[in-house]
Structure formats: C-alpha cells, structure tokens
Amino acid sequence: MRMRALLGLVAVLAMSGLSAAAQPAGAQPVGIRWRAVLVAGDPTLPVWDNAARALAERLVAAGVVVPGQVTRLSARPQEVASGARPGGLPAAIEAIQALRPAAGEGCLVFLTMHGAQDAGLVFAPGNQVLTPNLLDKVLQLGCGNAPTLVVASGCYTGSFATGAMARDNRVVLTAARPDRSSFGCGAGFELTVFDDCLLQSLAQGGPVLGIRERTRDCVQAEETRRRVAPPSEPAAHLGAGLRGLVLPPLPATAAPVPPPRRSKTG
C-alpha cells in the first residue's frame, strides 16, 4: 500500500471514531498481559535493533506477553533473517493498528531510532516521519482505551509525552526533552544511553514511576560521566489511569552488554 493511501486510511478511521479496544480508561493496571510492537527504525547502526531484540527476549522470558503477540520490526536484513519483520513506517502503523488487546490486556509500543526536532521519529531509509499526532491516531485505532505503555527513544522525543499523546490510559517514556538530543547513536555503541538505562531499570521492575525515575537518574549519571551536554532530560507522561501500573522484573536473558565507548547524539 502506498504511503499516502495508508496515512489517508488512518485519518478516515480516526475520524469515524472506530476503536479496536473497548476497555474503560480505568482498566486495572496490575497484572496486565501485553501485546507488543517493538520497532528499530534505522538500519545504519545496530544500536536500535540491539534494544528491540533485548526487550523482546525479556518480555517473552518473563511471560508477561500474550503468546505470539510480540512483533519486532527492523530495517536491517540480518535482523529480518533472524526473526524480525521488515520495518518502515507503514509496517509500524499496520502492526500497531493490529494490536487489538482483549480484556485484561494492554499495548506496549517501543520505538527506537533517530528523532528530528519539531517533527518526530524518523524512519530510514526514506526519512518517513512518525509525528506524535499520527502515533496518537494509530494508538487510538489499535489500542483504544486499553492500558498503553509507549517508549519513544530518540532525540527530541519529549513531544511524544504531551498534547494528544498524553491520554489518561497511557504511560509515555521518552529519551529527551522536545528541544534536546539524546546520546549513544554512534559506531562502537551497543545501546543508546537511554535504551541501556531503561533496560537496566526494567530489570528491577516495580511501579512505573520508579522505573521512570531510575531511568532518568541513570541517564543523568551516564551523561555526566561522559561529559556530554546539554543533558537530554528524558520526559514522560503518566496518565491518571495508569499511575498505579506495576511491571514485573524483566532481567537480562544473556550476558550483560558491555558499556558504550563513545558519545554521539541520537
């Protein structure tokens, strides 16, 4: 399907008020089983795929996802050969719209790639941009009022934690303020600074507020250690319906990733 036609379909369905999930906004936030879409949006470096793959493995190992409902998308041929689906913005939109959680289930959407200021997340090749408003519409279609956890990892992604994205049934964690870069997108890195810190925090589990605070503190400490500036200051939104969300520990399933060696923005 051509990109313009696909985006047109999103707009038409959003205006029609159709919603895949009819759960109330106050759905119980404890004991959720997740349907997940994990997206590495750029093939130029392995850092994004490393994070998406690691999170997929942890979710499955912890048994917190609906069986068969972890979709990992990648733009790297070698990742597709090892189990990921071909990526790109249209594929990400289609996968999120298809989540359709049932009662007691929620949506988990993890997006990691470069970001552009005053724009959104940038899929490569093609420089196709996922804006916060477009993601909001796609989530409305695929998740409705179901509990929804979104991670937007990239430079300038704080815009995903405000505006239309800031709904009561959502937790949104982002890698940086809307006007700040994040760090770790460079040759020699295994993970971006934010993705590394987030995975470390998820390994402990617990209330989502604590996960957010641990991730933020880890990012601040790592940026200070590396003497990079200005600080990225990860932004977040904790919707009223999910402030009590508790996540189980998601420990690493393999040997720990060695620390990155150089600091570049993402």
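At what angle do helix H6 and helix H7 pack, and how far apart are their axes?

1. Basis of the note. This is a predicted model, in which local features need pLDDT of at least 70 and side-chain atom pairs count only at pLDDT 80 or more, while totals for chains, interfaces and linings use all residues. Residues are numbered from 1 along each chain as its sequence is written, and side-chain values use heavy atoms, with hydrogens and water left out.

2. Helices H6 and H7. Helix H6 (residues 193-204) packs against helix H7 (residues 208-226) at about 140°, and their axes are 8 Å apart. Axes are lines fitted to C-alpha atoms, for helices over the stretch in contact, and angles run from 0 to 180 degrees between N-to-C directions. H6 and H7 are therefore oblique to each other; angles under 35 degrees count as roughly parallel, over 145 as roughly antiparallel, 65 to 115 as roughly perpendicular and the rest as oblique. Helices (H or I, at least four residues) and strands (E, at least two) are DSSP runs, numbered from the N terminus.

3. Residues between H6 and H7. Among the H6 residues that meet H7 are Phe194, Cys197 and Leu198, and the H7 side includes Ile211, Cys218 and Val219. By class, this contact of H6 with H7 holds eight nonpolar, five polar and two charged residues. Contact means heavy atoms within 4.5 Å.

4. Helices H2 and H6. The axes of H2 and H6 cross at roughly 10° and come within 11 Å, and these helices are therefore roughly parallel to each other. Ala51, Ala54, Leu55 and Arg58 in H2 meet Asp195, Leu199, Leu202 and Ala203 in H6.

5. The largest nonpolar core. This core has 42 residues, of which Trp34, Leu38, Leu55, Leu59, Leu108 and Phe110 touch the most other members. A nonpolar core is a set of buried Ala, Val, Leu, Ile, Met, Phe, Trp, Tyr and Cys residues joined through side-chain atoms within 4.5 Å. Helix H2 (47-62), strand E1 (33-40) and strand E4 (105-112) are among the elements that each supply at least two residues; the largest share, eight residues, comes from H2. Leu38 is in contact with Leu55, Leu59, Leu108 and Phe110, among others, leaving aside neighbours within four places in sequence.

6. A second core. A separate core of 27 residues includes Phe123, Leu135, Ala152 and Ala161.

7. Thr148. Thr148 lies in strand E8 (residues 148-153). Thr148 counts as buried because its relative accessibility is 1%, where buried means under 20% relative accessible area, exposed over 50% and partly exposed in between (1.4 Å probe, protein chains only). Not counting residues up to four places away in sequence, Thr148 touches residues including Cys107, Leu139 and Leu242.

Technical notes: Ala, Val, Leu, Ile, Met, Phe, Trp, Tyr, Cys and Pro count as nonpolar, Asp, Glu, Lys and Arg as charged, and the others, Gly among them, as polar.
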